[in-house]
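My entries follow the structure.

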Amino acid sequence: MEAVAGSAWPRRGTAVLMLASGFAGLGYQIVWTQQCALWLGHEAAAVLAVVAAFFGGLAFGALLLGPQIDRSDRPVRWYAGCEVGIAIWSLALAFGIDPVSAWLVGLTGAEPTALWQWTVAFGGTFALLLPATAAMGATLPAMARISAAWHHEGRSVAAMVAANTFGAVLGVLATAFWLVPQLGLLRTAMVCAALNLLCAAGSLIGFRAAPAAGSAPAIAPTAASPDPLRLVVLLAATGLLGIGYEVLVVRVLSQVAENTVYTFAMLLAVYLVGTAAGAEIYRRLSPPVSPESTTRQLLQLLATACLLGTGSLWLADPVKTAVLASGGASMATALATEAAMAVFAFLLPTVAMGALFSHLGTQARSAGIGFGRALGINTLGAAAAPALFGVVLLPAFGAKAALLLVAGGYLLLALPWKPWAPTGRWLGAVPALSAAAGLLALALWAPPLVFIDLPAGGRVVGYDEGATAAVSVV
């Protein structure tokens, strides 16, 4: 191992550990969603609450522990400790969640107000998962420090994001389609915990000869460095908009798809594949000559991709009808249809999201912002998305308007931070104007994103869109 550790192991080892850790993390998310659905009473509510708790815990861990990891000269111990902590708490949840769930049901009450019900749903789920999710939030900053100790800084952020996310894809699909059906929730959680313990052991053994990392070097911002305030705003806002887009698309497609845990797993897998692919594409490209111009171009690309993805949602019902007519009603046909709908809606936007986060993470370091802090800010924005988009905006304005707000938000972020400055000229106006024109066209002429099965001679008497379901009276 000593010889390997001195050559190819650092780069390959970080990728293997990040992949396994990502597998376990998203495996837990599927398990926790099904467990929390029992006390929340609805799988849609569980999806919103677990996603918010997941990202909230990641932000908490990255922001709280990231600076301490940056100051540590032995980040491998932090990484191993976090993986062990995840395993221990996840096993405690697997064996002891029933009494806690019963207490939360009692706390909610028999006839709660909407505000109290959602407060308990989001707050209770966040507190329940926090020890594990906070530890997850510290693993990526710790691995970034380990990589830096081996002098593999470069664009390692994008490489680790890609490996971690590809592992998450495998975790989602394997957990939903194989592990839970074959082993059940308890044993699936035990498999994921075993992976965490293997990651801890692998890091301690594989990196035992690592040079002392020292504290993370402080990078003094220069005149050419990105504006730290703008980067903080971009990291938080893109986290909010990215998960907001996911929440809204999952909700729209639930009207057309089978709306089972397999549907959620398929949609989430495509979302993660696109994000990982975007990070990997960014890693392979040459460093940008003009980082600010690249940021603006990626935001404009993302706004356009979200509009195209939103436009594909109007085709979801006709595509499903055509596929079922040609292939018949079967689980394989249903999954193939859902996969196709997910690819159309998610692939292009998430590729742009993965590249943009990798770019912003790289720029944050140039601006003197540690990677742990950058990750925490991004996931803090993501944690607010389920409540804002799923509980507030969707019922208030409908799915179409909420999705157009996401695309419009990316366009606003692409505007120059200081348009009067020489470096803030209105570059790339044509892509921005094209996206704005597409947004306006959809706002004015596209019908609502509502799918209702009307029998012959039937008509819609009423329609209402709530936080967990859309109800139509025919």
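Is the crossing of H9 and H13 left-handed or right-handed? I find the crossing of H9 and H13 left-handed, a term for the near helix being turned anticlockwise from the far one by less than a right angle (right-handed if clockwise).

I note that this is a predicted model, in which local features need pLDDT of at least 70 and side-chain atom pairs count only at pLDDT 80 or more, while totals for chains, interfaces and linings use all residues. Residues are numbered from 1 along each chain as its sequence is written, and side-chain values use heavy atoms, with hydrogens and water left out.

Entry on H9 and H13. I looked up the axes (lines fitted to C-alpha atoms, for helices over the stretch in contact, with angles from 0 to 180 degrees between N-to-C directions). Those of helix H9 (residues 291–313) and H13 come within 8 Å and cross at roughly 170°. H9 is therefore roughly antiparallel to H13, the term for angles over 145 degrees. In contact (heavy atoms within 4.5 Å) are residues including Leu299, Cys306 and Thr310 of H9 and Leu404, Ala407 and Leu411 of H13.

Entry on H7 and H13. The axes of helix H7 (residues 228–253) and helix H13 (residues 399–413) come within 10 Å, crossing at roughly 160°. H7 is therefore roughly antiparallel to H13. I find the crossing of H7 and H13 left-handed.

Definitions and conventions:
Helices (H or I, at least four residues) and strands (E, at least two) are DSSP runs, numbered from the N terminus. Angles under 35 degrees count as roughly parallel, over 145 as roughly antiparallel, 65 to 115 as roughly perpendicular and the rest as oblique.
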